[in-house]
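Open the structure in your viewer and keep the sequence panel beside it. Select each item as you come to it.

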Amino acid sequence: NYLAPRLGTTASALLVDRDPAWERVEADLAMASGAWQQALDSYEGLLDATKDRGVAAEMRAAIAECLCRLNRSREAIRPATEAVESFTALGRSADVPHAEYWLASAYYQSENLDGARSIVTALMDRVRDGARLAPDFHVRLLVSAAMIETASGHASQALARHADVFSPGRR
């Protein structure tokens with residue numbers, strides 16, 4: 001009751017009127033701290049509340065990540081696919097790889113190794129062609145490729161096939 005009158009509002013209005021930007025920060029912090037169910041619930045609420053196609057794509061990618069981390073991979077396929085399609089349609093090419101990564105993860109966890117391999121290989125090919133991705137994303141791709149090939153019984157092929165992506169001077 002101290003702050004609300006000074007802001008020209010009531011305490012209940014401050015507590016009820018939630019700013020989506022702050023809700024997004026809370027969801028992102030929940031994700032970063034490993035509270036994936038809490039993050040999932042928050043991202044789903046934000047998705048329901050937005051009319052912006054770009055924000056909706058971001059929420060779908062985050063939802064897919066949460067579902068994968070919660071071992072609900074089959075449920076993650078739809079939002080990941082929709083995020084990839086939306087980012088592509090919006091021309092947000094820098095955001096497509098993140099959504100594709102979670103789609104590949106969902107496929108891998110769902111034992112669709114061919115689908116996962118196809119996406120990871122396409123991402124690796126883009127890196128070879130000069131796509132600028134964060135250095136840690138390169139490592140994620142190599143680990144993903146190794147996991148897929150190991151699950152397929154071809155562990156040694158992953159490193160041999162993709163080692164050039166991580167050669168010195170590439171980034």
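**Before you start.** This is a predicted model: local features need pLDDT of at least 70, side-chain atom pairs count only at pLDDT 80 or more, and totals for chains, interfaces and linings use all residues. Residues are numbered from 1 along each chain as its sequence is written, and side-chain values use heavy atoms, with hydrogens and water left out.

**Stop 1: helix α3.** Select residues 20-32, which form helix α3. Helices here are DSSP runs (H or I, at least four residues), numbered from the N terminus.

Now colour Ala27, Ala30 and Met31, which are buried. Buried means under 20% relative accessible area, exposed over 50%, and partly exposed in between (1.4 Å probe, protein chains only). Seen down the axis of α3, the buried residues fall within an arc of 100°, so they line one face of the helix. The arc is that of the directions from the helix axis to the C-beta atoms. They pack against α4 (36-49) and α5 (53-69). The face turned away from the buried side carries the exposed residues Trp22, Leu29 and Ala32.

**Stop 2: Ala30.** Zoom in on Ala30, which counts as buried at 3% relative accessibility. Not counting residues up to four places away in sequence, Ala30 touches Ala35, Trp36, Gln38 and Ala39. Contact means heavy atoms within 4.5 Å.

**Stop 3: the cores.** A nonpolar core is a set of buried Ala, Val, Leu, Ile, Met, Phe, Trp, Tyr and Cys residues joined through side-chain atoms within 4.5 Å. Select Tyr43 and Leu141: of the 36 residues in the largest core, these two touch the most other members. The largest share of this core, eight residues, comes from α5. A second, separate core of seven residues includes Ala57, Ala61, Phe87 and Val96.

**Stop 4: salt bridges.** A salt bridge is a side-chain nitrogen of Lys or Arg within 4 Å of a carboxyl oxygen of Asp or Glu. The whole structure has 12 salt bridges. Select Arg92 and Glu58, whose closest N and O atoms are 2.7 Å apart. Arg92 is in the loop between α6 and α7, and Glu58 is in helix α5, 34 residues apart.

Conventions: Helices (H or I, at least four residues) and strands (E, at least two) are DSSP runs, numbered from the N terminus. The expected span of a helix is 1.5 Å times one less than its number of residues.
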